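Here's a quick briefing to read with the structure open beside you. It takes a couple of local spots in turn.

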Amino acid sequence: MLKFEDALAQLLAAAQPLTQVETVDTAAAHGRVLAQDLVSPLDVPPLDNSAVDGYALRVGEVTVAGTRLPVSQRIPAGSVGTPLAPGSAARIFTGAPVPPGADGVVMQELCSHEGEGVVINHLPKLGENIRRAGEDVARGGPLLAAGSRLRPQDVAFAASVGLAQIPVFRPLRVAVFFTGDELRMPGEPLVPGTIYNTNRFALVALLQRLGCEVRDLGQVPDDLEATRAALRRGAAESDVILTSGGVSVGEEDHVKAAVRAEGRLDLWQIGIKPGKPLAFGQVRREDGGAVDFIGLPGNPVSAFVTFLVLVRPFLLRRQGAARVTPVAYRLLAADAWLKGDRRREFLRATLNEDGAVSIYPHQGSGVMASNVHGDGLLDIPPQTLVQQGDWVRFLPFSELLN
């Protein structure tokens, strides 16, 4: 069996990022991968402006608390004031440009009205409550880096400098199909020996969550020719083919043989638990090119975990994303795990209120409840025993599903 870290390195080395770029409206760019560095065409904010509702003044003119100043002008947001008259204050509102001559703003809660003037009950400091032009980002300065997977705040940042459109990589097209004569769809009756096709729902949702365009080819019978036909169809309309089931050593497992017949198989059997029978290779297209192939095991937990720790970084790299590995946390184990395996284990675990992690009691590859009730995965190296209170590496689902 190939070590997990070697398998991941091999997958990432084989993942060729997309090169096709398309320009989309900024409002539609959330979740896409940025294709080019963005720089700001303007200063943000464009002018020095007030951070509060209050009074703009010359700091040197307020030498003691209780100083009274006449109010010479009123500056709401969206308007520009005139130069501040010496010995006066300007009524100003949040976001409004600070008038020339003013070098501080006192918030209104520290002031009191007195006729047509204002009493400053505070000794202001130079620059107080003033947001400087270019403080957020300067004209020509870096805005967002190529390879960024655009989050809501990234899209808002681009909009803040007036970018109406953004260059992004086109979506990655992934064809999926599922093998197993025992599989049934929800809503269909189960007869003895059949199960519902849960992987179809999990994998399609995981791919959509990553922003992939999914070609769902459905269920394929346990038959070599039918599997080969599904591979050819997937190769014709996708960048990557992802399958579930049929990659083990059973007599009805035809996926590996089909891939070898339609292309090549580069790796199989990874030293991880759950998920050992993962396959990777390529399937030929009719035009002489090839698309990537990844075959996941059929057990639902194995397929889910293997997707998160191996397939997800591969697909992110294919999409052009700069960061493909998840953020991990060092946390304390709330209980022991004394079943050290020769494979690298990814145990489903729950996060406790005190910040420690508890290992889910049932770790079988068919126990889907561990995916649902767990908060993430404990990454346990081969032949490692975990004692209560040991530091462990924790991969939260909030990061793996991001």
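The side chain of Thr67 gets to within 2.7 Å of a backbone atom, namely the oxygen of Val64. Keep in mind that this is a predicted model.

**Around Thr67**

- Thr67 sits in strand 5, which covers residues 67-75.
- Its relative accessibility is 14%, so Thr67 counts as buried, the cut-off being under 20%.
- Leaving aside residues up to four places away in sequence, Thr67 touches Glu61, Val62, Val118, Val119 and Ile120.

**Helix 3: span and ends**

- At the N-terminal end, Asn197 does the capping: one of its side-chain oxygens lies 3.2 Å from the backbone nitrogen of Arg200.
- Just after helix 3 comes Gly211, with a positive phi of about 85°.

- On the buried list for helix 3 you'll find Asn199, Arg200, Leu203, Val204, Leu206 and Leu207.
- These residues cover an arc of only 160° around the axis, so they end up on the same side of helix 3.
- What do the buried residues of helix 3 pack against? Their partners are strand 13 (173-179), strand 16 (213-220), strand 17 (240-244), strand 21 (290-296) and helix 6 (300-319).

Terms used. Residues are numbered from 1 along each chain as its sequence is written. This is a predicted model: local features need pLDDT of at least 70, side-chain atom pairs count only at pLDDT 80 or more; totals for chains, interfaces and linings use all residues. Side-chain values use heavy atoms; hydrogens and water are left out. Buried means under 20% relative accessible area, exposed over 50%, partly exposed in between (1.4 Å probe, protein chains only). Helices (H or I, at least four residues) and strands (E, at least two) are DSSP runs, numbered from the N terminus. The arc is that of the directions from the helix axis to the C-beta atoms. Contact means heavy atoms within 4.5 Å. A polar contact is a pair of N or O atoms within 3.5 Å; within protein, one must be able to donate a hydrogen and the other to accept it, and residues adjacent in sequence count only if both atoms are side-chain atoms.
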